[in-house]
Amino acid sequence: MLTSMTDVRTADAAKRLGVETTGIEIIDEADRTAAPRDLFWPWFAANVSVFGISYAAFVLGFGISFWQAVAVTIIGVVISFALCGIIAIAGKRGSAPTMVLSRAAFGVKGQKVPGVISWLVSIGWETFLAILAVLATATIFERLGWGGGTGTKIVAAIVVATMIVTAAVAGYHIIMRMQSVLTWITGAITILYVVMTFNHIDWSAISSIPSGGIGATIGALVMVMTGFGLGWINIAADWSRYQRRDASGAAIVGWNTFGGALAPTLLVCFGLALAGSDPAVLEGIGADPIGTLATLLPTWVLVPFLLAAILSLVSGAVLGIYSSGLTLLSLGVRIPRPMAALIDGVILTLGTFYVVFVAENFINPFQSFLITLGVPLASWAGIMIADIALRKRDYDEDALFDSTGRYGAFDWVSIGTMVVASVLGWGLVVNSFADDAAWNNWQGYLLEPLGLGTFVDDPAGSFWEGTFAYANLGVLLSLVLSFVVTYLARRGTVQRQESGT
C-alpha cells in the first residue's frame, strides 16, 4: 500500500510539471479534449523540414523528368498521409496507441509481430533525423569558420539528442505545445530559404531532363510514399487518441492529411527545381542533404537556416521517439512511459554517434533499410485499414488488454497474411545500394522468374536490368494484397467481435 501511495504522489508531481504519465492504457474520458484541427500542428511541424527539399534528389535519381517527378510527389505524398489519416481514426475509436489498437486485428499477443517491425522503423527514423541534424551543424559551422570537426559533431550530437529525448520523455501535452511553436519558426525560415534560393532555378536545365519509363515512375512513387506518409503510418493513432469521442472521422483524416502533406508537397516540388538545375546539388545531397542545401545561401542566412534545419529535424524525431516508447510498452516491457522514451533515446544517441563518427555513408544503407521494413509495414497498414473499414463500433477497450477477450491471443489470418504478403513483397523489391548494404542483396528473388528484371553480375558493379526492376512493386503489392485479403477473409471475424460472440 505504501508503494502504491508513493507511485500516486510521483505521478501527481510529474503531471504538475507537465509530464505525461499515461502509457499504453486507455485515455480517460475527461482528458479527451482534442479537436481534429489540433492534428494539424504535430504533423505539419514534423514535416515542414528543409530535408523535404533534399528528398527531391532521390526522386530525380530514378531517372524521370521534372514534371513526372512533380506528379509523383503530389500523388505519393497526399495518398500516403491520407492512409495515415485512416489509421488515425482508430485512435479516436479506442483512445490507445496505434500498436495497442492493432491487437484487434492481430490478437493481443499476435500484435507483437508487427510491433517489433514498428519499433525498428521508429528507431530508424528518429536516429536518421538526429544524424541529419548533427551533420548539418558541422557543415554550416565549417562554412562560418567556427570549426566543423569532431568536437563540433560531439557537442551537436549531445545537444540534439538531449532536445529530442527531453521532449519525448515529457510527453503528449508538451509535445503538442512545442510543435505549435516550432511550426511558425521553421515555416518562416523555410520560406526565407525558398526566397533566397529561387534565383538558382534554371528552367532550361529542368526542361531538358529526359522522361523516364513506367517502371522508374512507379519506383519513385513508392519511394515518396515510403519516405513520407508510410514512414509515419505505424504511429498515426498515437496523436489522435486524445480526440473527443464525437470527433468526425472524415475531419480526422482531412486534418491529418492536410497537416502532413502540405509542407512536403511544396518543398519537394521546389527541391525538384533546385536539384534539376544544379548537378552539384543533385550529387551532394546523397552525402549531406542539409549541408548541401546550405551551400546555396549567403553567409548571413546560415545561422537561421541551421536553426530551422535542426528544429524541424528534432520535431520529427520527437514524434518518432515518443511513439517508439509506446510501441516498446505494447510489446510487454513493464516500465513507465517516460522511461521507455529514455531507453529509446539512449539507442538514438548511440546510433547517431556510430553513424556520424564511424560509418562513411548512411543515406544509401538507410534507404535500403527503409524499403526492406517498408514491405511488412505496408502489409500491416493494409490489414489495419481493412480492419478499420470493417468496424462499425468503437473498440472494446478492456479486450485490447485481455488475451481471453473478444480479440483473442492470436489472429492467424492477419499474421499469416502479413507473412505471405511480406515474402511476396520482398521478392519484388531490389537493393539499390548493393555496395553500401550488401547484407540486403537477397531481395528481388521473384523478378527473374516473373520476367520483370534480370540480374547482371558485372565486375565493375552488379545491377538489375528491366522495366520494373527498380519499381519496388513489392511495397504496393504488400499493401493492396493485405487489404483485399483482410477485407474479404476477416469480415465475419469482425462482425463476431463486435457482437460479442
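Here is a walk through this structure, from the whole chain down to a few single residues.

First, keep in mind that this is a predicted model. The mean pLDDT of the chain is 84, and 92% of its residues reach 70 or more. The stretch to be careful with is residues 1-17, where the pLDDT is below 50. Beyond near neighbours in sequence, that stretch has 5 contacts in the model. Where pLDDT is low, the predicted coordinates should not be read in detail.

Now zoom out to the overall shape. The C-alpha trace spans about 65 × 55 × 40 Å along its principal axes. How does the radius of gyration fit with a compact globule? For 501 residues such a globule would come out near 23 Å, and the chain has 22 Å, so the two agree. Buried residues account for 58% of the chain. The secondary structure amounts to 21 helices and 2 strands. Take the contacts between residues at least 6 apart in sequence: 84% of them join residues at least 24 apart.

Still, H13 has a kink of about 35° at Ala261, shortly before the proline Pro264. What caps the N-terminal end of H13? That is Ser248, with a side-chain oxygen 3.3 Å from the backbone nitrogen of Ala250. Is H13 mostly covered or mostly uncovered? It is mostly covered, with 21 of its 29 residues buried.

Phe468 is found between strand S2 (463-465) and helix H20. Its relative accessibility is 25%, so Phe468 counts as partly exposed. Setting aside neighbours within four places in sequence, Phe468 is in contact with several residues, among them Ile214, Gly215 and Ile218. Ile218 is 250 residues away from Phe468 along the chain, yet their C-alpha atoms are separated by 8.3 Å.

At the other end of H20, which covers 473-489, you'll find Arg490, in the loop between H20 and helix H21 (491-499). Is Arg490 buried or exposed? Its relative accessibility is 0%, and therefore Arg490 counts as buried. Not counting residues up to four places away in sequence, its contacts include Ala104, Ala105, Asp387, Arg391 and Asp411.

Definitions and conventions
Residues numbered from 1 in each chain as written. Predicted model: local features only at pLDDT ≥ 70, side-chain atom pairs only at ≥ 80, totals over all residues. Heavy atoms only, no water. pLDDT = per-residue confidence, 0-100. Contact = heavy atoms within 4.5 Å. Bend = angle between axes of the 7 residues up to and from the residue. Helix = DSSP H or I, 4+ residues; strand = E, 2+ residues; numbered from the N terminus. Buried < 20%, exposed > 50% of the residue type's maximum accessible area, 1.4 Å probe, protein only. Polar contact = N/O pair within 3.5 Å; in protein donor to acceptor, adjacent residues only side chain to side chain. Rg over C-alpha atoms; globule rule 2.2 N^0.38 Å.
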